[in-house]
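We'll take a walk through it, one piece at a time.

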Amino acid sequence: MKHYKIALIKGDGIGPEIIDEAVKVLDAVSAKEDFEIAYNEYLMGGIAIDVKGEPLPDDTIKGSLGSDAVLFGAIGGEKWDTLPREKRPESGLLKLRKSLGVFANLRPTTVYDELINASTLKPDVIKGVDLLVVRELIGGIYFGQPRANEGNRAYNTMVYEKDEIVRIAHIAFLAARKRSKKVCSVDKSNVLEVSQLWRDTVQEVAKEYKDIELSHMYIDNAAMQLIRNPKQFDVILTSNLFGDILSDEASMIGGSIGLLPSASVGGKVGVYEPIHGSAPDIARQGIANPIATILSAAMMLRFSLNEVRAAERIEAAVKDVLKDGYRTKDLSQFGAKEVCSTSEMGSIIADRVSKI
Ligand code: NAD
């Protein structure tokens, strides 16, 4: 029997509710497989500020580093929005990513046939979309120095070292190899020097992947193409800021932000989280959709624990449950046979996992 140690960071808002459901599903799948999971909870975000006075306490970093993976809910809320930037919940998350060295953020977008009408885009535009955004996560303008707000003048620095581009490019090409063998690298090299280095470097790395078709697109065009014809994309490779924007845009192709998982990998320990935030507007009402977090747990099984069959069981259970018409409130207008609470949805998926 294998034993894994998972750091749970529930965070704020709906974070605790959705993580509880992911744990339910993980327990169901581990009961069917040859492994056991021990969970340790750590604080980050607003809750950590309230309890410990800082958004990312040292024991959260230490506990995460000592685990096989981190499963994270979401952080943030109005209560902490007036704090200085470095004391806010979001700075805790940026610091965690940096401390663990997770430079590659993988965000898959899948369209479920049963939810094809949930997207604001026309069904024939999105049917069959299956794309992966590979976003550089710990460099670029979010971290570049110098940065300052001097009152009448403010600035940030978009900077990439060549080796930062090389390592994220390898992740994209390797991912494409397991998919449809296409990488589209998105930049703004017609205007930005940093993007020219990005493009030249990606081209250089591509020489090692002759089986992968590489194309380049400017970010403004990519934002448009993603809505015009998302099926043209397989893997989108891009920098931190552009990836942040494009992956949220891509999320709407799938219909609900409550469905989409993410993995942040490449460092010492992987971090797995839904792409949405802490949704304070629906917290503690039992209506949040836990599927994005449950699918993030599946990504954790696949990428950090190498428990591929367990990951597939969860993904199949989610598909089945959606096919059977179970919906949380966010998707209740789209083919719902039964509208369920956050906790009911977790239990139904866990039950299905046990039967697959
Ligand atoms: P959000 O993603 O929290 O919510 C946007 C909208 O989507 C809301 O109407 C919300 O109710 C809905 N929604 C989100 N997740 C849902 C789910 N699982 N089920 C059903 N509906 C869901 O974004 P926001 O409102 O811009 O931000 C709220 C807080 O979250 C802010 O403090 C922000 O900084 C923070 N945030 C955190 C993260 C993170 O922790 N990684 C990411 C983005 C935003």
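In which loop does Pro146 lie? Look between strand E5 (130-136) and strand E6 (148-149), and you'll find Pro146 in the loop there. Keep in mind that this is a predicted model. The peptide bond joining Gln145 and Pro146 is cis, with omega at about 0°.

Now zoom out to the domains. The domain assignment gives domain 1 (1-104 + 256-356) and domain 2 (130-252). Taken over C-alpha atoms, the centres of domain 1 and domain 2 are separated by 25 Å. Where they touch, twelve residues of domain 1 are in contact with eleven residues of domain 2.

Next, the inside. The largest nonpolar core has 86 residues, and those with the most contacts inside it are Leu71, Phe173, Leu237, Leu301, Ile314, Val318 and Ile349. Helix H10 (residues 291-303) supplies the largest share of this core, eight residues. Both domain 1 (1-104 + 256-356) and domain 2 (130-252) give residues to this core, so it lies between them. For a close-up, pick Leu301: leaving out residues up to four places away in sequence, Leu301 touches Leu26, Val29, Phe35, Asn306, Glu307, Val308, Ala310, Ala311 and Ile314. There is also a second, separate core of 19 residues, including Ile116, Ile126, Ala222 and Phe233.

Phe173, one of the residues with the most contacts in the largest core, also takes part in a helix pairing. Helix H6 (residues 162-177) and helix H7 (residues 193-206) have axes that come within 9 Å and cross at roughly 50°. H6 and H7 are therefore oblique to each other, and H6 passes H7 in a right-handed crossing. On the H6 side, the residues that meet H7 include Ile165, Ala169 and Phe173, while H7 brings residues including Leu197, Trp198 and Val205.

Follow the chain past H6 and you get to Lys181, in the loop between H6 and strand E8 (182-187). Lys181 counts as partly exposed because its relative accessibility is 35%. Ala279 also has a positive phi, of about 40°, although it is not a glycine. Ala279 is found in the loop between strand E12 (270-274) and H10, and at 21% relative accessibility it counts as partly exposed.

Last stop: Thr109, in strand E4 (residues 104-110). With 2% relative accessibility, Thr109 counts as buried. Setting aside neighbours within four places in sequence, its contacts include Val129, Asp130, Ile253 and Leu260.

Conventions:
Residues numbered from 1 in each chain as written. Predicted model: local features only at pLDDT ≥ 70, side-chain atom pairs only at ≥ 80, totals over all residues. Heavy atoms only, no water. Core = buried A, V, L, I, M, F, W, Y, C linked by side-chain atoms within 4.5 Å. Buried < 20%, exposed > 50% of the residue type's maximum accessible area, 1.4 Å probe, protein only. Helix = DSSP H or I, 4+ residues; strand = E, 2+ residues; numbered from the N terminus. Domains from an automatic or database assignment. Contact = heavy atoms within 4.5 Å. Axes fitted to C-alpha atoms, helices over the stretch in contact; angles between N-to-C directions. Parallel < 35°, antiparallel > 145°, perpendicular 65-115°, else oblique. Left-handed = near helix turned anticlockwise from the far one by under 90°.
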